[in-house]
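Here is a short report on one protein model. Keep the sequence and the 3D view open while you read.

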Amino acid sequence: MTRRFLFVLGSSRPDGNTEMLARRAAEQLPESVEQRWIDLAAHPLPDFEDLRHDSDHVRPTEGNVAVLLDATLAATDVVIVSPLYWYSVSAHVKRYLDHWSGWLRTPGVDFKDTLAGRTLWGVTALAHEEPVVADPLIGTLHNSAAYMGMRFGGVLLGNGSKPGDVLRDTGALSRAKTFFAQDSPLARFAYETD
């Protein structure tokens, strides 16, 4: 199967540190790997409305919800590109992940079965010096992958606050060179690994 990477950009600022770091990592992918980049700020999703007990779900056929659903289903690798906002993913990314709940219940989509075995990755830039503060973001992505039966490639962390700061983080730039080449084991919830 040809690998198809979907980069889901979750920053409220274009060309921010997180996107710069993700693009450095993506440059290392072979030319045969398809890449699609979708900026959630340019393709805003409506707030997710949980209707699982109230109505039937219908597959969206137009608009940003349809674009993101189709792109997610087509991807072998989904890369969440979100700055660390209040110790977790951005509001744009959280809304995108919330829509996964609706897609799980959309007839004919088989969302969970389709994504099972595929890989979820993360890229983030944080202003804090201690990477442990990104643990909630990492946990959100890891647990989402575990629930979906996906592989988890981990999260590429970089440091930066002002635009372009991450380009001075030599450790992050070095990790970016091999990030997508690393092993991506099947994600498991912490209670499953004991």
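A salt bridge is a side-chain nitrogen of Lys or Arg within 4 Å of a carboxyl oxygen of Asp or Glu. The model is predicted, so local features need pLDDT of at least 70 and side-chain atom pairs count only at pLDDT 80 or more, while totals for chains, interfaces and linings use all residues. Residues are numbered from 1 along each chain as its sequence is written, and side-chain values use heavy atoms, with hydrogens and water left out.

**Salt bridges**

The structure holds five salt bridges.

| Pair | Distance (N to O) |
|---|---|
| R3 and D77 | 2.8 Å |
| D47 and R95 | 2.9 Å |
| D98 and K94 | 2.6 Å |

Some places below are named by helix or strand. Helices (H or I, at least four residues) and strands (E, at least two) are DSSP runs, numbered from the N terminus.

Take R3 and D77, whose side chains meet in a salt bridge. This pair links distant parts of the chain. R3 sits in the segment before β1, D77 sits in strand β3, and 74 residues separate them. How open are they to the outside? Buried means under 20% relative accessible area, exposed means over 50%, and partly exposed lies in between (1.4 Å probe, protein chains only). R3 is partly exposed at 34%. D77 is buried at 2%.

The side chains of D47 and R95 also meet in a salt bridge. Again, distant parts of the chain are linked: D47 is in the loop between β2 and α2, R95 is in helix α3, and they are 48 residues apart. D47 is exposed, with 61% relative accessibility. R95 is partly exposed, at 22%.

D98 and K94 both belong to helix α3. They are four residues apart, about one turn of the helix. Both are partly exposed: D98 has a relative accessible area of 25%, and K94 has 42%.

**The sheet and its helices**

Which strand order does the open sheet have? Its five strands run β2-β1-β3-β4-β5, with parallel pairing. Two strands pair if DSSP finds at least two bridges between them. β2 (34-39) and β5 (151-159) stand at the edges with a single partner strand each, so one side of each has no neighbour in the sheet. From one strand to the next, the twist averages 15°.

Look at β3 (residues 77-81) and β4 (residues 119-126). These parallel strands are joined by five bridges.

Contact means heavy atoms within 4.5 Å. Axes are lines fitted to C-alpha atoms, for helices over the stretch in contact, and angles run from 0 to 180 degrees between N-to-C directions. Helix α2 (residues 63-74) packs on the sheet and touches β1 (4-9), β2 and β3. The direction of α2 makes about 150° with that of β2. Helix α3 (residues 91-103) lies across β1, β3 and β4, at about 145° to β3.

T18 is in helix α1 (residues 17-26). T18 is buried, at 3% relative accessible area. Its side chain reaches the backbone nitrogen of A125 at 3.0 Å. Not counting residues up to four places away in sequence, T18 touches V81, S82, P83, V123, T124 and A125.

W86 is not a glycine, yet its phi is positive, about 50°. W86 lies in the loop between β3 and α3 and is exposed, at 80%. D110 also has a positive phi, near 50°. D110 lies in the loop between α3 and α4 (111-115).

How values were computed
A polar contact is a pair of N or O atoms within 3.5 Å; within protein, one must be able to donate a hydrogen and the other to accept it, and residues adjacent in sequence count only if both atoms are side-chain atoms.
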